[in-house]
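I opened a new page for this structure.

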Amino acid sequence: MLWVTPTLSPWHWVGFAGFVIMPLALVAMRRTGDHQNTAITQVHLAFMGFAGYANTIFIPSIKEFYYTNTWGVGNYYVPSRTVYPFGIPLNSEVIVTSHAASAILLASLITFQWIVMLRKRRSPETIKLHKSIGIFTAAVVLPIMAITGILSSIYVLRTPFNQVIYGALPIIIVICLISSIRSAIAGKFVEHVDSAYAAFIVLCSAALYRFACLFIWLARGVYTTPTQAPVDGAAIITYLILIVFLVVPFAVIGRLKQNLFPILALASVLVCSMIFVPWQFFGAPTTAPFWLHMSLF
């Protein structure tokens, strides 16, 4: 899930078509029922559809993994080596595969949860199912996604700027989903929906990152450095897209002030990384005293 696939294929057309079809389908679903007890809006669903369907760009990588048992397409592959987080020997491909599987499952569960709660009639059994899935997500899927995501950022990404930028995202996702669960327990369903939406958008950062790399490749013919590391500009663009995907819908529905945390968290990580960690928009410096001093692995 760490490098873009710029080669043309029919799946790209499927993905671009989904940018139109998916949001419209979700908005239509929202309008078909009587949802007086939910804070889900058409704006939420439209942006969620755009971000969610961006994940179709992973299809070539999933196909490659299915046939070769390696992550990557073309000339870019996750290096297979043994790493030792906290002294525990783990294969880097196992870490990335675990992260990819848990991230896909987490995104699917959040989407399913929203579809369940958008039903015109929600029975007690439906609400019980919603709660059970939420417990499983928080207790099993979320920790695996977060831990493997942080380890992938440290051991698989090649440059310090990307390590810091993407190592912070699982932490933000965890905080948003925990906040969503706490809000649901407290009966604050508006906050429950908004926090879950923010977590989903940040969870789609890897897919949006690939599109950022794709656009850089289309503009410049290359999106990597001579050492085959993706340029730092793609990470910067990704963070800006994530912030836009949070600011615009929350501003439109009038709930921006209540949902400043994920926006400020993303902005703070981006600004601090650009101040303390060496970076180049069309490059990727490989040395970073700040990050080396912070490393505990």
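My entries follow, and they concern a predicted model.

**Entry 1: the largest pocket**

I started with empty space. Rolling a probe the size of a water molecule over the atoms shows where such space is left. I read off about 730 Å³ for the largest pocket. Its lining has 27 residues. Which of them lie nearest the centre? I noted Gln113, His130, Ser180, Ala184 and His192.

The largest share comes from α5, with eight residues. I then sorted the lining by class. It has 17 nonpolar residues, eight polar ones and two charged ones.

**Entry 2: α4 against α5**

I moved on to helix pairs. Two packed helices are described by the angle between their axes and the distance between the axes. I logged their crossing as left-handed. What classes of residue make up the contact? I counted 17 nonpolar, 11 polar and no charged residues between α4 and α5.

**Entry 3: α2 against α7**

Here I looked up helix α2 (residues 42-53) and its packing on α7. The angle is about 20° and the axes lie 10 Å apart. The cut-off for roughly parallel is under 35 degrees, and α2 and α7 are therefore roughly parallel to each other. Their crossing is left-handed. I listed who meets whom. From α2 I have His44, Phe47, Met48, Ala51 and Gly52. They meet Val193, Asp194, Tyr197, Phe200 and Ile201 in α7. The contact of α2 with α7 divides into seven nonpolar, two polar and one charged residue.

**Entry 4: α8 against α9**

My last pair was helix α8 (residues 205-220) with helix α9 (residues 232-252). They pack at about 125°, with their axes 8 Å apart. That makes α8 oblique to α9. Is the crossing left-handed or right-handed? For α8 and α9 I logged right-handed. On the α8 side I noted Ser205, Leu208, Tyr209, Ala212, Cys213 and Ile216. These meet Gly233, Ala234, Ala235, Ile237, Thr238, Ile241 and Leu242 in α9. By class, the contact of α8 with α9 has 10 nonpolar residues, three polar and no charged.

**Entry 5: backbone phi**

I finished with phi angles. Most residues other than glycine have a negative phi. Which loop holds Asn69? I placed Asn69 between α3 (59-68) and β1 (72-73). Asn69 is not a glycine, yet its phi is positive, about 65°. I also noted Phe86, with a positive phi of about 55° although it is not a glycine. Phe86 sits in the loop between β3 (82-83) and β4 (90-91).

Methods:
Residues numbered from 1 in each chain as written. Predicted model: local features only at pLDDT ≥ 70, side-chain atom pairs only at ≥ 80, totals over all residues. Heavy atoms only, no water. 1 Å grid on protein atoms, 1.4 Å probe; cavity = no way out; pocket = protein on both sides within 12 Å on 5 of 7 lines; lining within 4 Å. Points joined across faces, edges and corners; volume = space filled by probe spheres on them. Helix = DSSP H or I, 4+ residues; strand = E, 2+ residues; numbered from the N terminus. Nonpolar A, V, L, I, M, F, W, Y, C, P; charged D, E, K, R; others polar. Axes fitted to C-alpha atoms, helices over the stretch in contact; angles between N-to-C directions. Parallel < 35°, antiparallel > 145°, perpendicular 65-115°, else oblique. Left-handed = near helix turned anticlockwise from the far one by under 90°. Contact = heavy atoms within 4.5 Å.
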